[in-house]
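Student: I have a model open and would like to go through it piece by piece. Can you take my questions as they come?

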Amino acid sequence: MQEEAELSDSDYILFAIRTACARASKIPAGETPQYSGFGIADTEWEVWDYFPTMCRHLRQLHGIEDAEYIDSWTLPPEMVQPTTGAGRSGSLFQKSRDGRFILKTIPVDEFSTLEHIFPAYYNHLVQNDSSLLTPIFSALMLDTTDGDESYYLVCLLNVVDFSPLSALQCFSSFSVYDLKGREPKPGHF
């Protein structure tokens, strides 16, 4: 008898992204719920998909079909390797299978702020197609039914794509900066 591999939190997160996208496509036109919830069968995980129709519309504005987005987040086990970012937040990052998207965990206070500003953010992106703001294609909260574990995450367009087809490859050198509106660490600029 073959043992079933135990799924990691990362596997559940990726499943949640794919399921949320599929569910958003079934929301009737004209409805814009703030969130939509569902459980992952036979697990303790509950998922809350925030602004599902707005996120779907942002994906569509960037030419991303639902099936394409779901496929991008279907990773083989060897690619499910979230990494800790270089910043102070300790956020985890995971690239999609094709490298076009980034999943990032964020602290609950940042997610609360995002929840508050998302409608205005969405309107700005819709009205300003040349905006330099990074589009958010999913905003999810995963929580265990007992409340012991919670993840707040966003899926973003990977604007620093180093793949061979990336427009960034035409530059011989450039620097990447993480700009924040907060005080620097002591001893740093």
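Student: How many residues sit between strand 1 and strand 2 in their hairpin?
Tutor: The hairpin of strand 1 and strand 2 has 5 residues between its strands. Helices (H or I, at least four residues) and strands (E, at least two) are DSSP runs, numbered from the N terminus. This is a predicted model: local features need pLDDT of at least 70, side-chain atom pairs count only at pLDDT 80 or more, and totals for chains, interfaces and linings use all residues. Residues are numbered from 1 along each chain as its sequence is written, and side-chain values use heavy atoms, with hydrogens and water left out.

Student: What is the phi of Asp 42?
Tutor: Positive, about 60°, although Asp 42 is not a glycine. Asp 42 lies in the loop between strand 1 and strand 2.

Student: Is Asp 42 buried or exposed?
Tutor: Asp 42 is exposed, with a relative accessible area of 85%. Buried means under 20% relative accessible area, exposed over 50%, and partly exposed in between, with a 1.4 Å probe and protein chains only.

Student: And Phe 51, what is its phi near?
Tutor: Near 50°, again a positive value in a residue other than glycine. Phe 51 is in the loop between strand 2 and helix 2. Phe 51 is buried, with a relative accessible area of 6%.

Student: Which strand does 5 bridges join to strand 2 besides that?
Tutor: Strand 6 (residues 136-144), running antiparallel to strand 2.

Student: What is the strand order in the whole sheet?
Tutor: The sheet is open, with 7 strands in the order 1-2-6-7-5-4-3 and antiparallel pairing. Strand 1 and strand 3 (83-84) stand at the edges with a single partner strand each, so one side of each has no neighbour in the sheet.

Student: What lies across it?
Tutor: Helix 1 lies across strand 1, strand 2, strand 5 (101-105), strand 6 and strand 7, at about 125° to strand 6. Helix 4 lies across strand 2, strand 6 and strand 7, at about 140° to strand 6. Axes are lines fitted to C-alpha atoms, for helices over the stretch in contact (heavy atoms within 4.5 Å). Angles run from 0 to 180 degrees between N-to-C directions.

Student: Where does helix 4 bend?
Tutor: At Ile 117, by about 55°, and Pro 119 follows within four residues. The bend is the angle between axes fitted to the seven residues ending at a residue and the seven starting there.

Student: Which residues of helix 4 are buried?
Tutor: Phe 111, Leu 114, Phe 118, Tyr 121, Tyr 122 and Leu 125. Their cover includes strand 2, helix 2 (52-61), strand 6 and strand 7 (150-157).

Student: Last topic, the overall count. How many helices and strands are there?
Tutor: The protein has 4 helices and 7 strands. From the N terminus on they run α-β-β-α-α-β-β-β-α-β-β. Of its 189 residues, 35% count as buried.

Conventions: Pairing = 2+ DSSP bridges.
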